[in-house]
Amino acid sequence: MKVQLVNVINRAETLAQDRWLVPLNLLSLSTYLEQAGYEAEILDGTHISHEDMLGKIDGEIVGINFNIFSVKEMEKVAGKAKGNGALVVLGGHAATHLSRQLLTKNKNIDLVVRYDGEEALRQIAERVSTKRRDFSRIPNVSYRSKDQIVEEPVQLLDLTSLPIPNRRSRGINLEDYISNFSKIPLIGEFAKGRRPSNVQSIRGCNHACSFCGRIYKGGRMRHPEQVYEEDKMLVETSGVNYIYETADSFFMNKPWLKEVVEVYRKRGRLPVNYWALCHIQDIDWETIEAMKFFNVDMVNVGIESGNEEVRRENGKCFSDDEIFRATSLLGQAGIKLQDNYLLGLIGESQETIQDTYRLAKKVAETCQVASIRGFHLILPTPGSPIWAKMMQIPEFRAKYREDYKFDIEELRRDYLTHFCNL
Amino acid sequence: MSNKLERITLREEVPELKRERGEDVVKYLERMTTYMNRTIVGLDGKYEETLR
């Protein structure tokens, strides 16, 4: 029995700079399924065209990951799969938050898996392979039953129970991903000699930023030995020498971090440099020492606003002094900062935009900033605190709550008009 | 002296960051992100397009 795992994207909204990142979410699912004896294939929309993808849909189970930009593409894939007689399963961040709307409005979708998908998908495959079409009592699954939507209870997995994602899963050619790194215009000379790949050692985050729709609250860690094994495998089997750690903050849990350091110390450091995401308040001498130990040469930090009050209002509870203390430490350690800012946070005004402009310039005086630092425009996504705030307003609730298709510009305008003072 | 200078720099206003009369709020913030990416990060419009 074949399970296809599809990453649908809207090419107009997907940046070329994402094309070197392997779809770890789908790889984790495919590896888990392969381990249980099922055939799994990945169709990644960042690497194949939508038309080619539609032509390849032939699985008995088709699992689809999408976001609010790629709804149309998701509907086409779901329609094609359903037409073939496949069981259509949606999963991932957007599907988790929109499960009821998806099942109510789109009859091509049979199931939605909320939160962790590995074990749920294995149980779904088991039932399909034994010709059972009853999906009750499978954790995290939502489905239609008569006129109702049933949501089975959520079970979050112990990350240490998951295998290392197999970068040689069917449909994935790691070299294709690696070669895309040097094609990012902004990376420029930085790409020279680097063979990168991404990993994720922690699922979830300890913070509650207003704009973030991530589904996992609190961090779940892989075992330090697994972290080492995965990095070692990338180095030894694929010649990777640059690892992007995509955990929301690799440095969030110091006791765990110490254990990881200890494993690397005992088993031998790897000939690899790292790039990692980090929360500004996690940067101190202790973590800087760990960064130096791991050869971290760049950290990705969300500063978001140059105005303390706006930051506080949006769940970024750190002061300007804390920012400059952290960036100065990075500067002293010779670690590059990739600082990111988000325009349109709750309470944003023309004055706070001026603050952000000035702060970003000042930050660059305290350390070496990366060429791919950037300013971004906010978007309320389902599951984020700002989405929840919007849904408290009857007009917006009526307009957005029952659907999964949104006019992105209108949604953004509604939010900005109501929550900012621009 | 240096503190005074720093405060003056911090208070300096950038006229390009102001919203124009009648400018749509989404278009305004799009213009702001482009402006900041161009002036602070060093992206120009053409360069941004090549990212896609």
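So, where chains A and B meet: 21 residues of chain B are in contact with 24 residues of chain A, and contact here means that the C-beta atoms, placed from the backbone, lie within 7 Å. On the side of chain B that touches chain A, α2 (25-41) and α3 (45-50) each supply at least two residues. The largest share, 11 residues, comes from α2(B). By class, that side of chain B has 13 nonpolar, 3 polar and 5 charged residues. Nonpolar covers Ala, Val, Leu, Ile, Met, Phe, Trp, Tyr, Cys and Pro, charged covers Asp, Glu, Lys and Arg, and the others, Gly among them, are polar.

Quick housekeeping. This is a predicted model, where local features need pLDDT of at least 70 and side-chain atom pairs count only at pLDDT 80 or more, while totals for chains, interfaces and linings use all residues. Residues are numbered from 1 along each chain as its sequence is written, with chains lettered from A and ligands numbered from 1 in the order in which they are written.

Now over to chain A and helix α12, residues 320-333. Helices are DSSP runs of H or I, at least four residues, numbered from the N terminus. Which residues of α12(A) are buried? They're Ile323(A), Ala326(A), Thr327(A) and Leu330(A). They sit on the same side of α12(A), because they cover an arc of only 95 degrees around the axis, taking directions from the helix axis to the C-beta atoms. On the other side, Asp321(A) and Gln332(A) are exposed. Buried means 20 or more other C-beta atoms within 10 Å of a residue's own, exposed means 12 or fewer, with C-beta atoms placed from the backbone.

Note on methods:
Expected span 1.5 Å × (residues − 1). Contact = placed C-beta atoms within 7 Å.
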